[in-house]
Amino acid sequence: MIAMIMISAALAGVSQVPPPVVEETNLQVVAGGVAPAEDPLVKPMAVERAKTWLAPQPPERIFGKTWLVGFKGMSVAMIDTVDGLVLIDGALPQAAPAILANIRAAGFDPGDIKYILSTEPHFDHAGGLAALARDTGATVVASARGGAGLRAGVLAADDPQLAYGGTWPAVTTRVRVVKNGEVLDLGDTRITAHATPGHTMGSMSWSWDACEGKVCKQIVFGASLNPVSADGYRYTSAAGKPFVAGFGKSYRIMDALKCDVLISAHPDNAGEGRFNDKPGACRAYAERSRAMLAKRLAAEKAGAAK
């Protein structure tokens, strides 16, 4: 049986939660291999979008002990610390086996993953967290709002994309909640949580220093900042005002970060390639969203927004 809900073409190419396409077959084809369909935590979602989002990429070391172990259209980062590994984001449910395969291909043991950091409670970035946490024993880390969404596996009642509906595998293992500015220490690495609301009210970005000898760079994994929504939603409505204010807060945070290297949840939102190491990468990331939000608000005021 195939359950299908149409995806809005207006949201193509940006981070979003359109209605998922869930396909049940005897075998699931995933990037990096084939997994048994009996496992509900890796059941395929957004199958057509996944062809682009989960296009295979080899693991790549960015700088120091920071790696990318994700895909062409979805970022998954890994940090190697003295006392274990830290993963950031989990992509779609069916991506989990390929993420683990990339970690092994880079020469690491997925069993060494201690924490999995979440950027947002949307299926395209959090769908794989349940399987990854189960298979590695890692603790998932998120904001309070983000953690609630991960445990539920559904969109928050105030999410601009709520009308799309859809669910993803809920995280039933341990979820640790952190606050804005809180630091997560593991081995020789200190990772700072940055609340960056707007795309969702529970979105969290993460920053840490990676070093090679005496040269250190601040790496930022930026949560999505796209002001996208289901049709009929208005950022100019009373319900939308907290989100607009949230975007403003996120812009100020991104503007202030040193940000030598930017990884964005969807790589193409940050520029060309898998990451952006040009000066001012985080400021440019915020400015891109500012322009998109200004255009969206103007369209709504003019009565042209869907």
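Predicted model: local features only at pLDDT ≥ 70, side-chain atom pairs only at ≥ 80, totals over all residues.
1. Disulfide count. Searching the whole structure turns up 2 disulfides. If you number the bonded cysteines of the protein chain in sequence order, they pair as 1-2, 3-4. As a reminder, a disulfide is a covalent bond between the sulfur atoms of two cysteines.

2. Cys-211 with Cys-216. This disulfide has an S to S distance of 1.9 Å. The angle about its S-S bond is 105°, and the link is right-handed. Buried or exposed, or something in between, for Cys-211? Cys-211 is partly exposed, at a relative accessible area of 37%. Cys-216 comes out partly exposed too, with 38%. Both values sit in the band between the 20% cut-off for buried and the 50% cut-off for exposed.

3. Cys-259 with Cys-282. In this pair the sulfur atoms are 2.1 Å apart. The torsion about the S-S bond is about 70°, so this disulfide is right-handed. Cys-259 sits in the loop between helix H6 (241–256) and strand S16 (261–264), while Cys-282 belongs to helix H7 (residues 281–301), so the bond ties together parts that are 23 residues apart in sequence. Cys-259 counts as buried at 3% relative accessibility, and Cys-282 counts as buried at 1%.

4. Backbone at Cys-259. For context, most residues other than glycine have a negative phi. If you want to look at this spot, go to the loop between H6 and S16.

5. Backbone at Ala-91. Here is another non-glycine residue with a positive phi, near 55°. Ala-91 is in the loop between strand S8 (84–88) and H2. With 1% relative accessibility, Ala-91 counts as buried.

6. H6 against H7. How are these two helices packed? Their axes lie 8 Å apart, at an angle of about 160°. That angle is over the 145 degree cut-off, so H6 is roughly antiparallel to H7. The crossing of the two is left-handed. On the H6 side the contact takes in Val-244, Phe-247, Tyr-251, Met-254 and Asp-255. H7 brings Cys-282, Arg-283, Tyr-285, Ala-286, Ser-289, Arg-290, Leu-293 and Leu-297 to meet them. By class, the residues of this contact are 9 nonpolar, 1 polar and 3 charged. One link back to point 3: Cys-282, one of the H7 residues that meet H6, is also bonded to Cys-259.

7. Thr-236 lies in the loop between strand S15 (215–222) and H6. Which residues does Thr-236 contact, leaving aside its neighbours within four places in sequence? They are Leu-297, Glu-300 and Lys-301. As for accessibility, Thr-236 counts as partly exposed, at 34%.

8. H2 against H4. Helix H2 (residues 96–105) packs on helix H4 (residues 129–136) at an angle of about 50°, and the axes are 9 Å apart. The two helices are therefore oblique to each other. From H2, the contact involves Ala-96, Ile-99 and Leu-100. From H4, Ala-131, Leu-132, Asp-135 and Thr-136 take part. Sorted by class, the contact has 5 nonpolar, 1 polar and 1 charged residues.

9. Ser-118. Where does Ser-118 sit? Ser-118 is in the loop between strand S9 (113–117) and helix H3 (123–126). With a relative accessible area of 3%, Ser-118 is buried. Setting aside neighbours within four places in sequence, its contacts are Asp-89, Leu-129, Val-141, Ala-142, Leu-150, Met-204 and Trp-206.

Key
Residues numbered from 1 in each chain as written. Heavy atoms only, no water. Disulfide = S-S within 2.5 Å. Buried < 20%, exposed > 50% of the residue type's maximum accessible area, 1.4 Å probe, protein only. Helix = DSSP H or I, 4+ residues; strand = E, 2+ residues; numbered from the N terminus. Axes fitted to C-alpha atoms, helices over the stretch in contact; angles between N-to-C directions. Parallel < 35°, antiparallel > 145°, perpendicular 65-115°, else oblique. Left-handed = near helix turned anticlockwise from the far one by under 90°. Contact = heavy atoms within 4.5 Å. Nonpolar A, V, L, I, M, F, W, Y, C, P; charged D, E, K, R; others polar.
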